[in-house]
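Visitor: Please show me the structure, and then let me ask about it.

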Amino acid sequence: MDKILVIVHTEADGGLGKAAFETVGAAKSLGAAFDLGIIGADVAAATNLLAGCGAASFFGVSGAAFGQSRYATDAAAMVALVKAAGAGIIIAPATSRLARVAAGAAQRLGGRADTQVTALEVKDGTPLATRWFYRQRMTGSLTRTGQKPWIITLAPGSFIPWQGAPGEATVTTVPVEAAARTEVVGIEAPSADQQTIRPDAEVLFVAGAGWTKKQADGAVKAQDASSLILGFLNACKASLGSSKSLVDLSGEGHSVLPFLTHLHQVGQTGATPRHPKGLATCCHGEEPHVVGWRFITERRAVNLDPNCGWARGKADVLYVADAFAVMKRVNELLTA
Ligand SMILES: Cc1cc2nc3c(=O)[nH]c(=O)nc-3n(C[C@H](O)[C@H](O)[C@H](O)COP(=O)(O)OP(=O)(O)OC[C@H]3O[C@@H](n4cnc5c(N)ncnc54)[C@H](O)[C@@H]3O)c2cc1C
């Protein structure tokens, strides 16, 4: 097999994200020797976290310019690491930072890139990468011979993270000259409580349009809906998803839940998040929505309608109940 190089980057605190450990876990599962390349302002701490992972050599691209996500510097760093290691197969996490430069780096190296791979194995002495196509409707497995280097980015959440004790690794510093014309002046991010899309959360909580519809007493209870949903999210740090109908309402000027955006939409024309558990509330469970639940392992739903889509084999458990009452009680139990 060609020489394998795993490339990861540091996080803002100098450590490594979960996706980095998953990438190392995926590379190790191939059973072949591999090198490790790390990009960051200072890579010493991160390299030590991976000291025991079994990499044959450690390469680092470091310096203030590499502490930030910037196309020019990240692409140059990736190219330099591949050349330094002399690797034919490069495995990297599809974080926003590396996903952005993988194709460009492959182009500069005369190689190819395949992205968002969800399974990796060895067949006939070469990696076989599996990924989804056509908005997660079908999978394809592919391999490449004669098109090297081959950069493979892995979809976060698809592989078991490598775990091991930190140690001390010797890093070979790879010098990189890259014009940093783009200056990153800061990051504007919502506070942890405002940030309701949480890819690493245990539970996905989906809100459907029913939350904003007239209820049994003839009243619309958007305010109650808002506090019940946010109460649940704050209590168990679940990730928030939505049906298309609910996020579309804002565009039509209806009474809506202000913390929902189109980024929350789960489904055929929305996101396909990965969480161990999911709870859908006031959402009908129609196919174009449920197709976005492909990677939710255990599915539950609360709906007044015993004939809703969830009842037709789309959920493991359907509670035929009023979601306002259910979530009120759930929140009471969570905060008790
Ligand atoms: C090409 C195409 C792409 C699409 N892509 C997407 C997509 O990516 N994502 C997506 O979500 N949809 C998508 N849709 C739309 C999808 O088909 C549905 O229209 C949408 O998911 C319906 O949203 P909903 O279930 O929230 O609303 P509704 O269908 O209005 O359902 C509301 C539900 O709330 C229940 N309810 C009301 N009050 C309560 C209560 N108090 N307690 C419990 N339950 C209650 C009702 O029984 C009802 O089942 C797409 C459609 C098309 C044609």
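The questions below take up the ligand shell, a sheet and one alanine.

Visitor: Which element gives the largest share of the shell around the ligand?
Guide: This is a predicted model. Two or more residues each come from helix 6 (244-251), helix 7 (287-290), strand 13 (296-303) and helix 8 (323-335). The largest share is three residues, and the element that gives them is helix 6.

Visitor: How many residues of the shell around the ligand are charged?
Guide: There are 30 residues around the ligand, and among those that come nearest are Ser-243 and Lys-244. By class, 11 are nonpolar and 14 are polar, while the charged residues number five.

Visitor: Which strands are the edge strands of the open sheet formed by five strands?
Guide: The order in this sheet is 11-10-12-13-14, with parallel pairing. From one strand to the next the twist averages 20°. An edge strand pairs on one side only, and this holds for strand 11 (239-242) and strand 14 (317-320).

Visitor: Is Ala-77 buried or exposed?
Guide: Ala-77 is found in helix 3, residues 71-85. Beyond its neighbours within four places in sequence, Ala-77 is in contact with Ile-39, Val-61, Phe-66 and Val-176. A residue needs 20 or more other C-beta atoms within 10 Å to count as buried. Ala-77 has 29 C-beta neighbours inside 10 Å, so Ala-77 counts as buried.

Note on methods:
Residues are numbered from 1 along each chain as its sequence is written. This is a predicted model: local features need pLDDT of at least 70, side-chain atom pairs count only at pLDDT 80 or more; totals for chains, interfaces and linings use all residues. A residue is near a molecule or strand if its C-beta atom, placed from the backbone, lies within 6 Å of it. Helices (H or I, at least four residues) and strands (E, at least two) are DSSP runs, numbered from the N terminus. Ala, Val, Leu, Ile, Met, Phe, Trp, Tyr, Cys and Pro count as nonpolar, Asp, Glu, Lys and Arg as charged, and the others, Gly among them, as polar. Two strands pair if DSSP finds at least two bridges between them. Axes are lines fitted to C-alpha atoms, for helices over the stretch in contact, and angles run from 0 to 180 degrees between N-to-C directions. A residue is buried if 20 or more other C-beta atoms lie within 10 Å of its own, exposed if 12 or fewer, and partly exposed in between; C-beta atoms are placed from the backbone. Two residues are in contact if their C-beta atoms, placed from the backbone, lie within 7 Å.
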